[in-house]
Amino acid sequence: MTGTSQKSRRELIQRPKGTQDLFGTEVERWESLESTCRLHFQNAGYQEVRTPIFEHTELFERGVGESTDIVNKEMYTFEKSERRLSLRPEGTAGVVRAFIEQGMARWPKPVKLYYMGPMFRYERPQAGRQRQFHQVGLELFGLDTPAADAEAVLMAMRLFEQLGLPNLSLQINNIGTAECRERFKAGFKALLAPLLTQLCPDCQTRYVSNPLRMLDCKNTGCQGIYAQPEVQAFLQTDFTSEDCQTHFAELLTILDALKIPYHRNFMLVRGLDYYTKTVFEITSTNLGAQNAVCGGGRYNTLVEDLGGPETPAIGWALGMERLMALVGELPVKPLDYYIVTDQHAAAFDLAEQLRAQDYKVEVDLSGKGFGKQLERAAKLNARQALILGSAEVQSGEVQLKTLATKEQRVVPYALLLQDKPV
C-alpha cells in the first residue's frame, strides 16, 4: 500500500462532542456581544477578573457543594502530581478563591468584579448547552443590603434590555439563611415521607443529603407531586427569619420603584449549595424547555467557607450560547476598504495609515488581475475598493471605487488619509 493510500484512509479527527468551532462573522458577533457586556459592567464600576480554567477539585467540592449534580456527575477531573484538578464548571468559586488569595477583602467595599470565559461540564449536549460553554458573570462583595441585591438584578435586566432581548421574565425568591433552611428541611421531609417511594432516585437521594434541591428536579412525576395543593401550601408558608423577610421586602420595593416586573417563585432554589437569602433567574420563552438566560443570588457564607473572612456577596452568571441564540444579528463592522494592487509595499503602507485611523482595511495578496481582485472585494462586501497600481504610486493618488454604485474617481493620498470618509 502506498503512502498516499495510507494517508487517504486515515480517520478524520473531529472536534470533541459538545464543543464548537467559532470563526468568521460568528466570532465577530461574539466579540460585539462581549464588548457590549464589558462596557456595561465598566460603566457601573465593575473590574474584570480572569481566573485559571482549572482549579483544585476541592474548591468546587467545598464551594459548589458535594451533593450537587455538577460535582457528582458533571466535572472534568484529573490527577497531576497527586493533586486532583478540575476544569471549572462555573465561575463564582474561582472568583471567590481569587478574592481571598489576592487580598481583595482589604479593598474598599463593595468590591465589584466581572468575568467571562469558557466553563466545562460533562452533560448531554443540546440546544444552547454544550460541554464547553461560555459564561459572563458579575460578583459584588462586601455588602449585605437590599440595594446591593437590587443593583445585581438591575445590571442583568438593563443589559438584556440594551440587547433588545424579547419575552423575558424575572423569577425571584427568598430562601433564607442556613438556619432558616433547617426549619424548612425538617417540615418538608415530614410532609414528603409518605410519598418518598414515588419520587425519582435522585430526589430520594436528595431527601437525605439536601431536601431543598428536590425542588429543582426536572422529572415530571416529581414535579407533579410538588405541585400538589398541600405541598404548595407548605412551600408558600414563609419559613425564613424576620430579618430575611425584611431584606427581601425592601428589595422588592426597590424593584417596584424601578418598574422591573418580577414573579415570586416559591419553587426557585437554584442548583448550587452556596446560596442564601435572595435567588433569581431570568428566563425567555424564546428558548424552549431550557429557558434560563441568567441566574444567581446571594451567597453570604461562601467566602468564609473557602477560608476567607466573613464577607457577604451576591452575583449572577449568564450563558453566552443562549444569549447568542436570543440576540440574533449583531452589528459587525464592515470592511471599509479593499486595496486592489500589484504594488504591495505601497499598499501595505497605505493600509497601515488607514488602519491607524480605525478603518477596516484588507490588502489583496493574490497577485491576480485587478478584475479578479475587484470580484473578491465585492464578495467581502467591502464598502469601497482602492485601486493602487504603479501609475497611482507615482502620482500619489488612488482610484476609489464605490462597489454598490460602481462609481469610480481619483482621490489624492492626502484627501484619502484625512480622518473622515471620502
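This section describes the strand pairing, helix packing and backbone geometry of a predicted model.

Two packed helices are described by the angle between their axes and the distance between the axes. For α2 and α6 the angle is about 140 degrees, and the axes are 11 Å apart. The two helices are therefore oblique to each other, since only angles over 145 degrees count as roughly antiparallel. The crossing of α2 past α6 is right-handed. On the α2 side, the contact involves Thr36, Cys37, His40 and Phe41, which meet Met155, Arg158, Leu159 and Gln162 of α6. Sorted by class, the residues of this contact are four nonpolar, three polar and one charged. An α-helix has 3.6 residues a turn, so residues three or four places apart point the same way.

Helix α13 (residues 320-327) is mostly covered, with seven of its eight residues buried. The buried residues of α13 are Met320, Glu321, Arg322, Leu323, Met324, Leu326 and Val327. Both helices of the pair described above contribute to this cover, as the elements over the buried residues of α13 include α2 and α6, together with β6, β9, β10 and β11. Glycine 328 follows α13 and has a positive phi, near 70 degrees.

Leaving aside residues up to four places away in sequence, glutamine 373 touches Tyr338, Ile339, Val340, Thr341, Asp364, Ser366, Gly367 and Lys368.

Strand β4 (residues 83-87) pairs with β2 (residues 54-56) in an antiparallel arrangement, through three bridges. Glutamate 55 has serine 86 in β4 as its bridge partner. Strand β3 (residues 77-80) is likewise antiparallel to β4, and four bridges connect β3 and β4. Among the facing residues, lysine 80 is opposite arginine 83 of β4, and glutamate 79 has arginine 84 as its bridge partner in β4. The hairpin of β3 and β4 has two residues between the strands, and in this hairpin serine 81 adopts a positive phi near 55 degrees.

The remaining results concern backbone geometry. Most residues other than glycine have a negative phi, and most peptide bonds are trans. The peptide bond between lysine 109 and proline 110 is cis, with omega near 0 degrees. Proline 110 is located in the loop between α5 (92-101) and β5.

Lysine 277, although not a glycine, has a positive phi of about 55 degrees. This lysine 277 belongs to strand β9, and with a relative accessibility of 6% lysine 277 counts as buried. Lysine 406, also a residue other than glycine, has a positive phi near 70 degrees. The position of lysine 406 is in the loop between β15 (397-402) and β16 (408-412). Lysine 406 is exposed, with a relative accessible area of 60%.

Technical notes: Residues are numbered from 1 along each chain as its sequence is written. This is a predicted model: local features need pLDDT of at least 70, side-chain atom pairs count only at pLDDT 80 or more; totals for chains, interfaces and linings use all residues. Side-chain values use heavy atoms; hydrogens and water are left out. Axes are lines fitted to C-alpha atoms, for helices over the stretch in contact, and angles run from 0 to 180 degrees between N-to-C directions. Angles under 35 degrees count as roughly parallel, over 145 as roughly antiparallel, 65 to 115 as roughly perpendicular and the rest as oblique. A crossing is left-handed if the near helix is turned anticlockwise from the far one by less than a right angle, and right-handed if clockwise. Contact means heavy atoms within 4.5 Å. Ala, Val, Leu, Ile, Met, Phe, Trp, Tyr, Cys and Pro count as nonpolar, Asp, Glu, Lys and Arg as charged, and the others, Gly among them, as polar. Buried means under 20% relative accessible area, exposed over 50%, partly exposed in between (1.4 Å probe, protein chains only). Two strands pair if DSSP finds at least two bridges between them.
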